[in-house]
Amino acid sequence: MSTTLNNLKRPEGSWHRKKRVGRGQGSGLGKTAGRGGKGQKARSGNMRFEGFEGGQSPLQRRLPKFGFNSPNRTIYAVVNLSDLEGFDAGATVDVDALKKQGLVKGRYDGVKVLGNGSLTKKLTLRVHKLSAAAREAIEKAGGTAEELPLVAHKPESAAKAHSGKGVKQARK
């Protein structure tokens, strides 16, 4: 008989029944439920988590901590001069234009243009930061570069967030 999808069977002995522990002495896994007698491994909540080394100070605690990520750091999307060659001469290149072109993806606090590559077209750049080499190359090509102020959030949201904090209310 050939095996087809309608008569598939798993090979004999390829599976085991689920052990139901702690269900009486007749089951063979009653009383101690297969844990043996006494000792740390017989107890509930025994230390079986990842990295446990039998009470010895575990590796993740023996090694020194290193590195630091400031919660207030500013993350810039980096764009090189060679990437700007895709724009037409005389175009205004701002954050929206860079996103539309696919040069800036994801969430960033600002955009920085670096001087890698060369620029032959006259462009007007409006970004948050420029390297000295990038600024020089843009002006050499006849373009202009304007640095935008970096605003992390809208001024009105900051005013809302801090309104009335630290101000004592008059007692009635």
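Trainee: Which residue in β6 is the bridge partner of Val-127?

Mentor: In this predicted model, strand β4 covers residues 124-127 and pairs with β6 in the parallel sense over four bridges. Within that pairing, the residue of β6 that partners Val-127 is Glu-147.

Trainee: Which strands of the open sheet of three strands stand at the edges, each with a single partner strand?

Mentor: The open sheet has the strand order β2-β4-β6, and its pairing is parallel. One side of each edge strand is left without a neighbour in the sheet, because each has a single partner strand; these strands are β2 (92-93) and β6 (144-147).

Trainee: In what order do the elements of the chain run from the N terminus on?

Mentor: The chain holds four helices and six strands. Read from the N terminus on, these elements follow the order α-β-β-α-β-β-β-α-β-α.

Trainee: Which residue in β3 is the bridge partner of Tyr-76?

Mentor: Strand β1 spans residues 76-80 and is joined to β3 by five bridges, the two strands running parallel. For Tyr-76, the partner in β3 is Gly-110.

Trainee: Which residue in β5 is the bridge partner of Val-113?

Mentor: Strand β3 is also joined to β5, in parallel, by two bridges. The β5 residue that partners Val-113 is Leu-130.

Trainee: Is Ser-131 buried or exposed?

Mentor: Ser-131 lies in the loop between β5 (129-130) and α3 (132-140). The cut-off for a buried residue is under 20% relative accessible area. The relative accessibility of Ser-131 is 17%, so this residue counts as buried.

Trainee: Which backbone nitrogen does the side chain of Ser-131 reach?

Mentor: Leaving aside residues up to four places away in sequence, Ser-131 touches Lys-112, Val-113, Leu-114 and Gly-115. At 3.4 Å, its side chain reaches the backbone nitrogen of Gly-115.

Trainee: Which elements give two or more residues to the lining of the largest pocket?

Mentor: The largest pocket has a volume of about 190 Å³. It is lined by 13 residues, and those closest to its centre are Val-95, Tyr-108, Asp-109, Gly-110 and His-128. The elements that contribute two or more lining residues are α2 (95-101) and β3 (110-114).

Trainee: Is Ala-33 buried or partly exposed?

Mentor: Ala-33 is located in the segment before α1 (59-62). Although it is not a glycine, Ala-33 has a positive phi of about 55 degrees. Most residues other than glycine have a negative phi. As its relative accessibility is 22%, Ala-33 counts as partly exposed.

Trainee: Is Lys-38 exposed or buried?

Mentor: Lys-38 is likewise placed in the segment before α1, and it has a positive phi of about 50 degrees without being a glycine. An exposed residue has over 50% relative accessible area. The relative accessibility of Lys-38 is 70%, so Lys-38 counts as exposed.

Trainee: What percentage of the contacts in the chain with a separation of 6 or more is accounted for by residues 24 or more positions apart?

Mentor: The chain has 172 residues, of which 16% count as buried. Among contacts with a separation of 6 or more, the share from residues 24 or more positions apart is 44%.

How values were computed. Residues are numbered from 1 along each chain as its sequence is written. This is a predicted model: local features need pLDDT of at least 70, side-chain atom pairs count only at pLDDT 80 or more; totals for chains, interfaces and linings use all residues. Side-chain values use heavy atoms; hydrogens and water are left out. Two strands pair if DSSP finds at least two bridges between them. On a 1 Å grid over the protein atoms alone, a cavity is a set of points where a 1.4 Å probe fits but cannot get out, and a pocket is an open set with protein on both sides within 12 Å along at least five of seven lines; lining residues have an atom within 4 Å of a point. Grid points are joined across faces, edges and corners, and a volume is the space filled by probe spheres set on the points. Buried means under 20% relative accessible area, exposed over 50%, partly exposed in between (1.4 Å probe, protein chains only). A polar contact is a pair of N or O atoms within 3.5 Å; within protein, one must be able to donate a hydrogen and the other to accept it, and residues adjacent in sequence count only if both atoms are side-chain atoms. Contact means heavy atoms within 4.5 Å.
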